[in-house]
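Biologist: I would like to learn to read a protein model feature by feature. Can you take me through one, starting with a single pair of strands?

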Amino acid sequence: MTQKVLVTLDGGVQVLTLNRTDKKNALTPEMYGALADGLERADADPDVRVTLITAMGDAFTAGNDMGDFAKAGAAPLGEKPGEKTPVTRFIENLGTAEKPVIAAVNGLAVGIGVTMLLHCDLVYAAESATFQMPFVRLGLVPEAGSTLLLPRLIGLQKASDLFLTGRKISAAAAEALGLIAEVFPDDALGGEALARAKAVAAQAPTAVRLVKSLMKSNDREVVAAQSAAEGVHFAAQLRSAEVKEAVSAFFEKRPADFSQLR
């Protein structure tokens with residue numbers, strides 16, 4: 001397991017901690033693979049009752065590493081013929097996890113750092129946490145079935161506002177929308193989230209898995225289909241002039257200019 005994703009087991013809770021603080025925990029293929037492995041291990045290991053995903057430093061995750069978008073071409077995000085990419089494995093495992101997955105958002109959450117939360121069973125956040133989905137600003141479409149899940153959760157108008165403007169919202173706003181369960185002071189988030197995770201881990205394990213399954217089983221096929229459709233457009237956009245301009249603007253520290261694109 002890579003040191004960029006730290007793994008511990010505490011009271012039946014597998015804690016997966018993103019640890020790439022110099023890049024605000026931006027996710028690489030290696031990190032996606034480690035997270036996917038952790039979720040697979042959780043379902044296979046009877047000693048793991050709950051998985052808690054959190055991060056070191058002042059960011060949850062800045063989203064996908066922009067360097068990978070810059071390299072997009074014949075093999076975006078490490079894709080190989082006949083193989084699932086690490087990000088695909090992570091999204092699929094998150095959507096099909098049999099045991100509860102909890103997230104503790106300790107700082108900024110960008111892109112997949114937000115869309116992944118739509119698959120978590122419980123999400124807690126620090127007061128200073130922020131949430132942003134700048135897909136359109138990058139010439140991309142959202143992923144992980146979020147174009148289905150987010151409108152269902154917060155309504156079409158609110159979801160359109162977040163997706164189409166790419167604006168950042170606070171933890172308090174995210175809680176009001178129902179995107180997260182509860183907000184804690186920054187210095188209390190880690191302890192509170194772990195305590196909640198342990199409380200779930202102490203419950204009757206079969207009953208916990210059944211409740212989760214009953215709440216999500218009717219959605220799994222349609223969410224998977226939506227995620228697959230998003231993936232087709234995402235991969236195509238990675239090769240587009242829009243993404244090329246957005247990535248260039250990011251690294252040149254200037255606003256993207258889409259005015260000449262149609």
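Modeller: Start with strand E5 (residues 101-105) and strand E7 (residues 122-126), which pair in the parallel sense over 4 bridges. Two strands count as a pair if DSSP finds at least two bridges between them. The labels come from DSSP runs numbered from the N terminus: helices are H or I with at least four residues, strands are E with at least two. One caution: this is a predicted model, where local features need pLDDT of at least 70, side-chain atom pairs count only at pLDDT 80 or more, and totals for chains, interfaces and linings use all residues. Residues are numbered from 1 along each chain as its sequence is written, and side-chain values use heavy atoms, with hydrogens and water left out.

Biologist: Which residue in E7 is the bridge partner of Ala103?

Modeller: Val123 is the partner.

Biologist: How do strands hold on to each other in a sheet?

Modeller: Strands of a sheet pair through backbone hydrogen bonds, either parallel or antiparallel. Here, an open sheet of 6 strands has the order E1-E2-E3-E5-E7-E10, and its pairing is mixed. Strand E1 (5-10) and strand E10 (182-184) are at the edges. Each has a single partner strand, so one side of each lacks a neighbour in the sheet. From one strand to the next, the twist averages 20°.

Biologist: In which sense do E1 and E2 run?

Modeller: They run antiparallel, joined by 6 bridges. Leu9 has Gln14 in E2 as its bridge partner. The two strands form a hairpin with 2 residues between them. Gly11 sits in the turn, with a positive phi of about 60°.

Biologist: Which residues other than glycine have a positive phi?

Modeller: Lys24 is one of them, with phi near 50°. Asn25 is another, with phi near 60°. Lys24 lies in the loop between E2 and H1, and Asn25 has its place in that loop too.

Biologist: How are two packed helices described?

Modeller: By the angle between their axes and the distance between the axes. H1 and helix H3 (residues 86-96) pack at about 30°, with axes 8 Å apart. They are therefore roughly parallel to each other. The classes are: under 35 degrees roughly parallel, over 145 roughly antiparallel, 65 to 115 roughly perpendicular, the rest oblique.

Biologist: Which residues meet where H1 packs on H3?

Modeller: In H1, they include Tyr32, Leu35, Ala36 and Leu39. In H3, they include Val87, Phe90 and Leu94. The contact divides into 9 nonpolar, 3 polar and 4 charged residues. Nonpolar covers Ala, Val, Leu, Ile, Met, Phe, Trp, Tyr, Cys and Pro; charged covers Asp, Glu, Lys and Arg; the others, Gly among them, are polar.

Biologist: What is the order of the open sheet of 4 strands?

Modeller: The order is E4-E6-E8-E9, with mixed pairing. Strand E4 (59-61) and strand E9 (169-170) are the edge strands, each pairing on one side only. Strand E6 (residues 108-110) and strand E8 (residues 130-132) run parallel, joined by 3 bridges. Val110 stands opposite Gln132 in E8.

Biologist: Let us end on single residues. What is Ala171 in contact with, leaving aside its neighbours within four places in sequence?

Modeller: Its contacts include Ala125, Phe131, Ile180 and Val183. Ala171 is found in helix H7 (residues 171-177), and it counts as buried at 0% relative accessibility. Ser227, in helix H10 (residues 220-238), also counts as buried, at 18%.

Key. Axes fitted to C-alpha atoms, helices over the stretch in contact; angles between N-to-C directions. Contact = heavy atoms within 4.5 Å. Buried < 20%, exposed > 50% of the residue type's maximum accessible area, 1.4 Å probe, protein only.
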